[in-house]
Amino acid sequence: MEKNVTCVKIPTVLSERHEKKNLRNTLKRFIATTAVQRKSLSVREKNFKVKNALYHQLQGGEILDCKKRSIRLSPIERQALKILTGERSLNRAVTVALCAMEYLDEHYSQEQTEYIIPASPYMGWKEWYLDRHCQFMQEIKNTFPEYNDFIDLFMGSGILSENTADLNLFKSITANYYDTTHLDYFQTIRDYTVTFKCLVLNLDYATSPDGEAKREKSENNIIVSLEAMQPDKASKLLGALVFFLQQNKVLLKASQKQLKDFAEISDGSLHIQERISLMLEEVKRRKTQNKLGSKNLNSLNPTGLFKKIDCIAKEVAALKKIEIANMDAIKLLKKHAGNPKLILICDPPYFDTLEYDEAFSFEQHIQMAKLLKKHADKGGIFFYFGRITAPRSQNTNAGIDYAPRDQIYQGKYDELFLGKGFFYLDYAYDKSHGIIERVTTNLNLKDFTAY
C-alpha cells in the first residue's frame with residue numbers, strides 16, 4: 001500500500017457521492033473548519049445524530065451498508081479528524097465529517113463570523129484597536145468610495161491587514177513585512193494550511209491526558225508524517241511550528257536556542273525526532289504551568305493550542321488576498337506617499353524599545369512623519385501608531401517615577417505631529433503599568449481630538 005494510504009469503511013451512500021480526490025478534499029475542508037462552523041453543524045454534540053438529517057438517515061439502517069475506500073491521509077490528518085469530531089474510530093470520524101460538510105453552506109451564516117485573530121501574536125498586536133479599525137475602514141469607503149488601495153507599512157502579526165482583506169472593501173491590499181526574520185511563517189501557513197493545523201492539533205493532543213496515555217504513538221504520528229514529506233516542506237513546517245510556539249509564549253529561551261541549533265546543523269538531517277520531542281516537552285511544561293496558575297502567563301496565551309490554531313484557515317483566506325512585500329518601510333512610503341486614493345497604516349517599532357528584533361531610530365520616525373504629512377497634503381489618508389509613555393521596567397517593584405520620562409516621550413511624539421492639522425486618540429493599553437498608545441490620523445473621526 002502507498003505511503004499514508006489507509007482504508008476506511010464508510011456508508012455506501014457517502015462513498016458514491018465522493019470520488020477519490022473529492023473525498024480527500026472534503027475531509028481537508030472539514031479539518032479547516034472553525035469551532036463556530038462546527039458548532040452550527042452540531043459536531044461533537046449529542047444532538048448531531050438528530051440534527052444532521054443525513055447522519056440520522058444512516059443511523060436508521062443505511063449505515064450498516066458500508067463500503068471500503070482507500071484514501072491518502074497522513075497519521076496527523078487521521079488524528080485531527082478524530083479530535084475535531086470527537087470520535088475514537090477513524091471510520092466514524094470520516095462519516096461524521098462527510099455528513100457535516102453536506103450541510104455546511106446551508107447551516108452556516110457568514111454573519112456568524114468574528115474578527116480574524118492571527119494564530120501567532122507577533123509584534124504589532126492591535127487587537128485592542130481592531131473593532132475601531134474595521135469601523136473606520138467601512139466609514140472611509142462609504143464616504144470616499146474612490147479610495148481603492150491599502151498599504152500596511154509594518155505588517156507585524158498581520159491583524160489589521162488580514163481583517164481589512166476580510167472586509168473586501170479595497171481593490172489592492174499590501175502588507176509590508178518589515179522584520180525579515182520570520183517572513184517564511186506567513187508563506188508556510190499559506191501554502192500548507194491544513195497540514196500546519198494538523199501538526200498543532202497533534203502537538204496539543206499528544207500532551208493531553210488521552211494523548212499522554214499513548215504518548216509513543218501520539219509522538220510517532222507527528223514524526224512519521226513529517227518524515228514522509230519532501231525535506232523542504234518539512235523544514236518550513238518545523239520552522240513555522242517553532243515560530244508559532246515561540247510567539248504564544250510556549251518555548252523557554254534555552255529551548256528556542258536548542259531548536260535553532262538543530263535547524264542549523266548541516267549534516268543533511270532535519271533532526272525531526274529531536275525537535276518534535278523538545279517541542280512536546282515544552283508544550284507539556286507550559287500546560288502544567290497553566291494549571292498551576294502561574295503569574296507569568298501571557299494574556300494572549302490561552303490554555304492549550306487548540307483555540308489558537310482553530311481559525312487559521314480564515315486567516316489564510318485573508319492572506320491570499322494580500323500582497324506581502326518585504327522592503328525598507330521608508331523606501332516603500334517614499335514610493336507611495338502622495339497617492340490620493342491610498343490609505344496608509346503606519347505602526348513602526350516604538351521609540352527606544354527593546355521589544356523589537358530590528359531597531360527604528362527617532363530620526364526615522366521624523367522622516368516617516370514628514371512623508372505622511374506629504375501624503376495627507378496630496379489627499380491621501382494615514383493612521384500612525386505610537387506610544388506616548390516611556391518603556392516600563394519588567395520589575396513592577398522597581399519604584400520608578402515614570403512621569404518625567406513620559407513627558408520626554410510625549411514631547412518626542414508631539415515633535416512629529418503637533419500643530420500640523422491632524423487628530424489623535426489615546427488608548428490606555430496597559431492600565432496597570434500606565435502605558436498609553438496614541439493613534440494619529442489626518443481624518444476628523446469620532447472620539448479623536450485636534451492635535
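Helices and strands are DSSP runs, numbered from the N terminus. In this predicted model, Ser74 sits in the loop that links strand S2 (66-72) to helix H6 (75-85).

**Ser74**

- Ser74 has a relative accessible area of 11%, and because buried means under 20%, Ser74 counts as buried.
- When neighbours within four places in sequence are left aside, the contacts of Ser74 are Asn4 and Ser225.

**Strand S4 and its partners**

- Strand S4 spans residues 172-176 and is mostly covered, with four of its five residues buried.
- S4 pairs with strand S3 (residues 149-152) in the parallel sense, and four bridges connect the two.
- Within this pairing, Phe150 has Ile173 of S4 as its bridge partner.
- Between S3 and S4 the chain passes through helix H10 (residues 159-167), which gives a right-handed β-α-β crossover.
- S4 is also joined to strand S5 (residues 323-325) by three bridges, and these two strands run parallel.
- For Thr174, the bridge partner in S5 is Glu323.

**Helix H9**

- Helix H9 (residues 130-143) comprises 14 residues.
- From first C-alpha to last, H9 reaches 20 Å, close to the 20 Å expected at 1.5 Å a residue.
- Leu130, His133, Cys134, Phe136, Met137, Ile140 and Lys141 are the buried residues of H9.
- Viewed down the helix axis, the buried residues of H9 fall within an arc of 160°, and therefore they line one face of the helix.
- These buried residues pack against S3 and H10, as well as against strand S6 (342-346) and strand S7 (381-387).

**Aromatic pairs**

- The structure contains 24 aromatic pairs.
- In the pair formed by Phe48 and Tyr55, the ring centres are 5.2 Å apart and the planes stand at 55°, so the pair is tilted.
- Phe48 and Tyr55 are both buried.
- One aromatic cluster is formed by Trp128, Tyr129, Phe136, Phe383, Phe385, Tyr427, Tyr429 and Phe448.
- Phe136, one of the buried residues of H9, is among the members of this cluster.

Conventions. Residues numbered from 1 in each chain as written. Predicted model: local features only at pLDDT ≥ 70, side-chain atom pairs only at ≥ 80, totals over all residues. Heavy atoms only, no water. Buried < 20%, exposed > 50% of the residue type's maximum accessible area, 1.4 Å probe, protein only. Contact = heavy atoms within 4.5 Å. Pairing = 2+ DSSP bridges. Right-handed = clockwise from strand over helix to strand, strands pointing away. Expected span 1.5 Å × (residues − 1). Arc of directions from axis to C-beta. Phe/Tyr/Trp six-rings, centres within 6.5 Å; stacked < 30°, edge-to-face > 60°.
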